[in-house]
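Subject: Structure handover and notes

Dear colleague,

Please find the structure below, with my notes after it. I would be glad if you read the two side by side.

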Amino acid sequence: MGGSGLDPARVAALKEREDAAFVEMRPRSRELWASGQAVMPNGVPMSWLRTSYDHPPLFIESAGGSRLRDVDGHEYADFNIADMSMFTGYGPAAVVEAVSRQVGLGSQYLLPTEDSIWVAGELARRYGLPLWQFTLAATSANTEVIRIARASTGREKVLFFDGKYHGHFDDVLVEIEDGHLVPEEDGLPHDVTTRTRVVPFNDLEALERVLSARDVAVVITEPALTNNVGPLMPDDGFHEGLREVTRRTGTLLAYDETHTQVVGPGGLTRRWGLASDFVTVGKSIAAGIPLGAYGMTEEVAAVLQRPDGRDDDKPQVAVGGTLFGNPLSMAAARAAMSEVLTDDAYAHSQRLGSRLADGLSQVVAAAGLEWTTHRFWPRSGLSFSPSPPRTAAEAMEDFDVPLRRLLRVHLANRGVWDAIVGAGPTCSVAATDEDVDAYLAAFADLIGELV
Ligand code: PMP
């Protein structure tokens, strides 16, 4: 897949050179990877870590602030920040202190702590939904949202927008291929598509057509799609239309702010004044200590509430897990939200995000390329087209995976760890002007070689 307007042969030649350098520079990572193959599929603790990058895995020794250090002694200005789950930066002092204290007091009781009330209250303040529940990841938060939505509406289907990612549970792992819904990966039941509907982002007519059957329990979407295809921004009026048609057809609406929470306290929900029945978050809310959460209205929470003293065998909604909402995650989230993810910290990351976008635009314009630079608060990136795509199909037309892969490996060899392919670089709250300078210098260097 090309699409950037650059010569694919030149891209391939540079990729070969950079791949060779990548391997050459990292003998210890190579050794560890070889040992890993004996005990783990793909040689890594989560096989996806191998398939999500086309270069060999990097083994990490440590990280601090905005910097990642590998076992071969290379340091990277980190713009992937663990796919945004370390937006707080690595090892913020307040979180280290809170987690160290809590682990000594007990990391798990299967009983609530006072911190959970603080964290739920702070999420309610940020996102405007009154009632919250906790899991260990955004995937399971979305899974529970769907179960509650099904219990609450008596409907089974769920609707997502094309280009989405909401986790690795069955209902969401379907995609459109040649106009048909198909399972996205192996290992899924063949009838997984029967309960899911997918329509293009920004297409209110298609949405209305599907929802008018009144058999969809919940629409789940990010307020702007941030996965797989770079950010897709909503058209003017899209969210108003989405809320109106979901209400009119008795469908619930869930905003997944797992990534978009980096735009400020309360994510895009607060920034754009969005109304919904559920909001899910995860990743960085507890500074990378596992925690997912979802907020909901009192109406939908009614299916979870059990009056005091009642003891009957009425079926419960299938939610919960032994380690969910544990005191360690709660202590981390309280410290992260009270001391790290502050208004000033978001403003700092946004200033750097704008600098990064300005710098990318300048390099692109100077090279005479007709590409679009993303401006997504702390995050930037590129579409290889003159105007930003509105749908996943448009985004894929000129996505140019080989060029994106070259950019990753080229930057890695120059001390910059870029976002995974399909996302864009994000400045964490720990990022610095020097990090942004390093990104822009390495980017300009590559474009200079390509153009
Ligand atoms: N929702 C969104 C929007 C995401 O981007 C992701 C992960 N990329 C998830 C949910 C799932 O998060 P996790 O893998 O931490 O469960």
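Is tryptophan 272 buried, partly exposed or exposed? Tryptophan 272 is partly exposed, with a relative accessible area of 31%, where buried means under 20% relative accessible area, exposed over 50% and partly exposed in between, computed with a 1.4 Å probe on protein chains only.

Before the rest, please note that this is a predicted model, in which local features need pLDDT of at least 70 and side-chain atom pairs count only at pLDDT 80 or more, while totals for chains, interfaces and linings use all residues. Residues are numbered from 1 along each chain as its sequence is written, and side-chain values use heavy atoms, with hydrogens and water left out.

Strand 10

Helices (H or I, at least four residues) and strands (E, at least two) are DSSP runs, numbered from the N terminus. Strand 10, residues 252-256, is mostly covered, since five of its five residues are buried. Leu252, Ala254 and Asp256 point one way from strand 10, whereas Leu253 and Tyr255 point the other way. Strand 9 (residues 216-221) runs parallel to strand 10 and is joined to it by four bridges, two strands being paired if DSSP finds at least two bridges between them; here threonine 221 has tyrosine 255 of strand 10 as its bridge partner. Between these two strands the chain passes through helix 8 (residues 238-248), and this β-α-β crossover is right-handed, a term that applies if, with the strands pointing away from the viewer, the path from the first strand over the helix to the second runs clockwise.

Strand 11 (residues 278-281) is also parallel to strand 10, with three bridges joining them, and threonine 280 in strand 11 is the bridge partner of aspartate 256. Strand 10, helix 9 (residues 267-272) and strand 11 make a right-handed β-α-β unit.

Aromatic rings

Rings of Phe, Tyr and Trp (its six-membered ring) pair if their centres lie within 6.5 Å, and planes under 30 degrees apart count as stacked, over 60 as edge-to-face and the rest as tilted. By this rule the count comes to 11 aromatic pairs. The rings of tyrosine 76 and tryptophan 417 have centres 5.6 Å apart and planes at 65°, so this pair is edge-to-face. Because tyrosine 76 lies in strand 3 (residues 75-78) and tryptophan 417 in strand 15 (residues 416-417), the pair ties together parts that are 341 residues apart in sequence. Tyrosine 76 is buried, with a relative accessible area of 0%, and tryptophan 417 is buried at 7%.

To return to tryptophan 272, its ring and that of tryptophan 377 have centres 6.3 Å apart and planes at 65°, so they too form an edge-to-face pair. Tryptophan 377 is partly exposed, with a relative accessible area of 23%.

A charge sits over the ring of tryptophan 417 as well, namely the charged end of arginine 408, 4.3 Å from the ring centre; the rule asks for NZ of Lys or CZ of Arg within 6 Å of the ring centre and within 35 degrees of the ring normal.

The ligand

Among the 14 residues around the ligand, Thr139, Asn227, Asp256, His259 and Lys283 come nearest, a residue being near if one of its heavy atoms lies within 4 Å. A side-chain N or O atom of asparagine 227 is 2.9 Å from an oxygen atom of the ligand, and one in the side chain of lysine 283 is 2.7 Å from a ligand nitrogen atom.

Best regards

Note on methods:
Polar contact = N/O pair within 3.5 Å; in protein donor to acceptor, adjacent residues only side chain to side chain.
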